[in-house]
Each structure stands twice: as structure tokens, then as C-alpha cells.
Amino acid sequence: MLTAFWEALFEVKKVLGESLCLAFDTSNYTTSAAVFDGSEFAVSSKRLPVEKGKLGLRQNDALFHHIKNLPDVLSKLELKERRLYAIGASAAPREAKDSYMPCFLAGHSFGLSMSSVINIPYYSFSHQQGHIAAAAWNSGYPELMDTEFLAWHISGGTTELLRVEPSGTAFRCAAVGGTSDLAAGQLIDRIGLMLGLQFPCGSHLDMLSLESQSDAYFTIRAEGLFFSLSGMENKISFLYKNGMSPPDIARYTLLSISRAVSSITANAKKLYGELPILFSGGVSSASLLRTENPDGIFCSPDFSTDNALGTAILTFREAVY
């Protein structure tokens, strides 16, 4: 059932007509723009080029490619006949004051400049808030954004269990669990490159894992709601050098991570009760993670990865509420 806020959006839309909110997300590996009008959306994205065999990009290179990509990404949204009501962007990885990555300056500066020229409002959010909003909307549970819930953000740079609470028209996220060292996506990319897969390796490792039926996995140490991935990379490297097949390595990696997440989720339920648990971030598109966490709320794999949809939704909420 829709909350009063979302019911009110339909009334607002009658006033705005064909007005759209535009948003940008310039993460470490994807340039993305999206428009949202309260119910319909469109997303345009372009991956940043990463040299084969490399584990990502330096920040100055990522920033260069975003600046180069933004005009092309924006042109694919075909906005010439549409009226923009507000513009938003992800300006930092998280909401914390010390959270900063240069690549987000591209979308933030582009959006802020556009809003000044067109003379419409500009709103900034964190990349993490955008991930959660996109997952909530696309999974069919937009009402989560108006309630308290738990959310996993599992990606190349982050593996955090968040307590999410409404705050005005948006929400605030506080990390209550996750990894204490490597992010799950970092480990997946390292194992993927060891197997000769193309970076980013998540989707390729996922497909490879489907060729295996092995039940072997690494038991990951956990303390409360936190767990460590240190030691797992060395174990997998040892297994690979001693003859374990690439499909079995892929399944071993993803099954180990998925069962660790499932264990932490069970601990969180004991602590926080039966709050809904939303999964976001690129790693949440992994088949085994979904199988091992049947009570979780998942969006489609297309909207698990970095994209500007969530930021556009948050921009719309901020602009019209």
C-alpha cells in the first residue's frame, strides 16, 4: 500500500504535467544520468574504460572520462521538448562529512552549473542514498523510503549493513555492520582477474559460478554484525594453484560471501527485529546472494549497479514535497 507521500505525488504530477527531474551519478566506473517524473523514468549510462588486467582506474582518469562522457550520456535522454523542474546529483560516496571522491565532482559540478543557467533548484545526495532509493523503487517497495528499515550496500568499494531512517523527504543511513577490511566487490574483482576475467568481474564471476555444483565454501569469521574477508583471498589462490577449476573457484567465492551476509543478516534480525532488509549495490545482483538470502528485498540486476535513477527519485521527492 502506498504511503500518503507517494499518493500525494500523483496530485503533484497533475500540476507539473510533463515536468521532469534530472539527476547525475558519476561513480568510479559509470557515468549515468536519469530523469524521473513521479512514476516514469529513463536512464542513460556509460561504463568507464578499464585496461584489461587492471583493477580499476585512478581518480584523475575517472574524472576525465566522466567529463568526456556526460554530454553524450545526457543527449541520449532526449530532453529538448521536456521541461526540467529540478536537477540533482550524487556529490559524495556517503553522507559523512569526510566522505569524498573526486569522480563525483563531475556530476555535481555539471548539475550545479545546469541549474544555475536554467534557474531551477539543485539538490545533492550521496551515492549510497541513490543506490538505496533505486533499489527500493525498482523492487516495488518505494514506501520503504518513508519507514525504518535495514539495507545492505554491497559493491566494489563498500560492504555495509545500514540502518535507514526517514529524514525529511530523504533518509539517513548509519552503518551498523559489514566488512572490517576488504569490500566484497574488491575480493570478487581480485579473484576474477586471477581467473582472467574482464574488470569489473562481478557479472562474469556470477555466470561462471553457475557452471559449478560444488558446496564448498570458506567459513568467514564474524563478530557481531561485522565480518572479515582477510585470509579468504589467500585460501582461494591456494585452491586455484592446486587444481580447483575456475567454475568451482567462482562458486566458492560467491557462496562464501553470500553465506557470511546471510549470517550477519540473521544476527541483525535478532538485534533489530523483523525490519525489512533491502539489498543494493552491484554485488547484490549475484545469483547466489539472492538464493542464500530468500527473505531479502532485491531489485533487478540492472538497477543494482551504479546508476542515477535513485538520485533522480530523491531529487523529485525533494523538489515537489
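Analyst: What follows takes the labels one by one, for a model that is predicted.

User: How many helices and strands does the chain have? And what makes the chain as compact as a globular protein of that length?

Analyst: The chain holds ten helices and twelve strands. Its radius of gyration is 20 Å, and the globule rule gives 20 Å for 321 residues. The two values are close, so the chain is as compact as a globular protein of that length. Along the principal axes, the C-alpha atoms fill a box of roughly 65 × 45 × 35 Å.

User: What share of the residues is buried, and what share of the contacts is between residues 24 or more positions apart?

Analyst: Buried residues make up 54% of the 321. Among contacts with a separation of 6 or more, 70% are between residues 24 or more positions apart.

User: Why are Tyr-29 and Phe-199 called an edge-to-face pair?

Analyst: The ring centres of Tyr-29 and Phe-199 are 5.0 Å apart, and the limit for a pair is 6.5 Å. Their planes make an angle of 75°. Edge-to-face needs over 60 degrees, so the label holds for Tyr-29 and Phe-199. The count of aromatic pairs in the chain comes to six.

User: Why is the pair of Tyr-29 and Phe-199 said to tie together parts of the chain?

Analyst: Tyr-29 is in the loop between strand 1 (20-26) and strand 2 (30-36). Phe-199 is in the loop between helix 5 (184-194) and helix 6 (202-209). The parts are 170 residues apart in sequence, so the pair ties them together.

User: How do you know whether Tyr-29 is buried or exposed? What about Phe-199?

Analyst: Buried means under 20% relative accessible area. Tyr-29 has 19%, so Tyr-29 counts as buried. Phe-199 has 6%, so Phe-199 is buried too.

User: What is the peptide bond from Phe-199 to Pro-200, cis or trans?

Analyst: The bond is cis, with omega near -10°. Most peptide bonds are trans. Pro-200 lies in the loop between helix 5 and helix 6.

User: Why is the pair of Phe-36 and Trp-137 called edge-to-face?

Analyst: Their ring centres are 5.0 Å apart and their planes stand at 85°. That angle is over 60, so Phe-36 and Trp-137 are edge-to-face. Phe-36 is in strand 2 and Trp-137 in helix 4 (residues 127-138), so this pair ties together parts 101 residues apart in sequence. Phe-36 and Trp-137 are both buried. Ring pairs also link Phe-36 and Trp-137 with Phe-316 in a cluster.

User: Why does Arg-251 count as buried?

Analyst: The relative accessibility of Arg-251 is 15%. The cut-off is under 20%, so Arg-251 counts as buried. Arg-251 lies in helix 8 (residues 246-272). Leaving out residues up to four places away in sequence, Arg-251 touches Ser-209, Ser-212, Gln-213, Ser-214, Asp-215 and Leu-288.

User: How do you know that Ser-280 is buried?

Analyst: The relative accessible area of Ser-280 is 1%, so Ser-280 falls under the 20% cut-off. Ser-280 belongs to strand 11 (residues 277-280). Beyond four places in sequence, the residues that Ser-280 touches include His-131, Ile-132 and Trp-152.

User: Why do Glu-78 and Asn-119 count as exposed?

Analyst: Glu-78 has 66% relative accessibility, over the 50% cut-off, so Glu-78 counts as exposed. Asn-119 has 68%, so Asn-119 is exposed as well.

Notes:
Residues numbered from 1 in each chain as written. Predicted model: local features only at pLDDT ≥ 70, side-chain atom pairs only at ≥ 80, totals over all residues. Heavy atoms only, no water. Helix = DSSP H or I, 4+ residues; strand = E, 2+ residues; numbered from the N terminus. Rg over C-alpha atoms; globule rule 2.2 N^0.38 Å. Buried < 20%, exposed > 50% of the residue type's maximum accessible area, 1.4 Å probe, protein only. Contact = heavy atoms within 4.5 Å. Phe/Tyr/Trp six-rings, centres within 6.5 Å; stacked < 30°, edge-to-face > 60°.
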